[in-house]
Amino acid sequence: MTIAKGWLMALAACVLANAAAAADKGCIVVQNTAEVEQTTTDAKGVKTVKLVPAVKVVPGDTVIYTVTFRNVCTKPAENVSVDNPVPEHMAYIADSAVGPNTDVSFSIDGGYNFGKPEALRKKDADGTERAARPGEYTNIRWVMRHPLAAGAEAYARFRAVLE
Amino acid sequence: MTRLQLLAAGWLVSLASTWALAAGTPAGTSIQNTANVTYTVGGSQVTAPSNTTTLTVAERLDVNVTLESAPVSVRAGDVRRALLFRVTNTGNGSEAFRLSMTSAIGSDNFDPVPSSPAIYFDTDGSGDLSAGDTAYVAGSNDPVLAPDVFVSILIVNDIPAGLANGSIGRSRLTAQASTGTGAPGTVFPGQGTGGADAVAGSSGGTSNATGEYVVSDVSLTNVKSATVLDPFGGSEPMPGARITYQIVVSASGTGSAGNAVIDDAIPANTAFVAGSLRLNAALLTDAVDADAGEFIAGTSPAIRVRLGNLTAAAGAQTIVFQVTIN
């Protein structure tokens, strides 16, 4: 019985791996997750924060988007960049975009132009120019500084609050 | 001028954005996200999309009840006196709210007696109980409010007899989300707008506000006197003689006589002397304008002086005007 179960699970894992390989004929497999922080307090009053899949969100909740990408080929992947739009109804939280060994830039025009936060300027209705607010960013781009070696995995993450 | 208009426009804009934030993204909204990874292998560029994450916005149950009326001045023994409240859906989904009221509240001097029915919609928007207002029946006409929408509610009480001046009685309106109430974060699976989950917001899905009645008996007394000056320097009431009337109005008691107005008719066979009306020695124009008084011409001429909310503390108010005998 136990053996049969284990075999079934192995088969299922195999099917999943095949499906992923079939869906992406390239070298990089991309996984996107949306999570929220869940704080639990134990009997001693010690708080533990962990990430759990975002099932239900209400206005004011912070969602953590993580893009995980892995090079499944035998050659290194070069010029790797991750583009992720900030979903509608969500506002990017300042300084929350992270990714090891990446340069992060932002867009306020739907992904046509990218720049560092200090270079992003918005014009108000009355013509006054000002720095764009993080909540106005529409897209985020992470550019890897080095090639992604064969078999290596990296991630790009940001936080946004539901308006 | 232009500067003023600009300022006004800016204020409107900020108001609008505050409103947009109050309720937030509507319940049931689907939020999707797909990332792309671009890279080159062996000189050719490839773009790989990620899976798409989908979040459904749950309904946040939130409500805010606010008192809209200043303490209501009542007399002992008054019946069906109303307090005005506003119930606002501060959640992000359409929600029905169950209303209840109580007048059994500690920390006041007396308990107002709820009328039957005791809760009304201020249907005609008058701010007070009137014939056009619809009675609220729990479970039957619970107000269903879209996000950010409010409804005006009156709660109605009788005031017991025999209360001392200055006594305060309180009455409270409570609104509860019909989906449910609970500690912030409590989940009501599948019970939100459009079948989404509902989650108790920071209000816990319930809110209340307390209004106040103040017993304030007040009475106004006015004392009128007349002095006559005839054309010969005497005090004979003869044609051509001038009569100066003085009316002294004073309030007594602990209350406030709201919007007290004194009307005094010009006696028959006399004519009002233009420009002779004064309040506390200050001249009032004859015209109906921003000042406190005027002369009303016509078939029954009179003077009118508005004394505002008159209290004993304000002291005596002296009105003076003159007429000539025809």
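**Strand pairing within chain A and across to chain B**

Strands S1(A) and S2 (residues 47-53) of chain A pair in the antiparallel sense over 7 bridges, where strands are DSSP runs of E with at least two residues, numbered from the N terminus, and two strands pair if DSSP finds at least two bridges between them. This is a predicted model, in which local features need pLDDT of at least 70 and side-chain atom pairs count only at pLDDT 80 or more, while totals for chains, interfaces and linings use all residues. Residues are numbered from 1 along each chain as its sequence is written, and chains are lettered from A and ligands numbered from 1 in the order in which they are written.

Within the pairing of S1(A) and S2(A), Thr39(A) stands opposite Val49(A), and the hairpin that these strands make has 5 residues between them, with Gly45(A) taking a positive phi near 85°. Strand S1 (residues 28-41) of chain A also pairs with strand S4 (residues 62-71) of chain A, again in the antiparallel sense, over 8 bridges; here Glu35(A) stands opposite Ile64(A).

Where the chains meet, 31 residues of chain B are in contact with 36 residues of chain A, contact requiring C-beta atoms, placed from the backbone, to lie within 7 Å. On the side of chain B that touches chain A, strands S1 (30-41) and S2 (44-57) of chain B each supply at least two residues, and S1(B) gives the most, with 11 residues. The residues of that side divide into 13 nonpolar, 16 polar and 2 charged (nonpolar being Ala, Val, Leu, Ile, Met, Phe, Trp, Tyr, Cys and Pro, charged being Asp, Glu, Lys and Arg, and polar the others, Gly among them).

Turning to chain B as a whole, 30% of its 326 residues count as buried, that is, with 20 or more other C-beta atoms, placed from the backbone, within 10 Å of their own. Among contacts in chain B between residues at least 6 apart in sequence, 72% join residues at least 24 apart.

Conventions:
Buried ≥ 20, exposed ≤ 12 C-beta atoms within 10 Å, placed from the backbone. Contact = placed C-beta atoms within 7 Å. Helix = DSSP H or I, 4+ residues; strand = E, 2+ residues; numbered from the N terminus.
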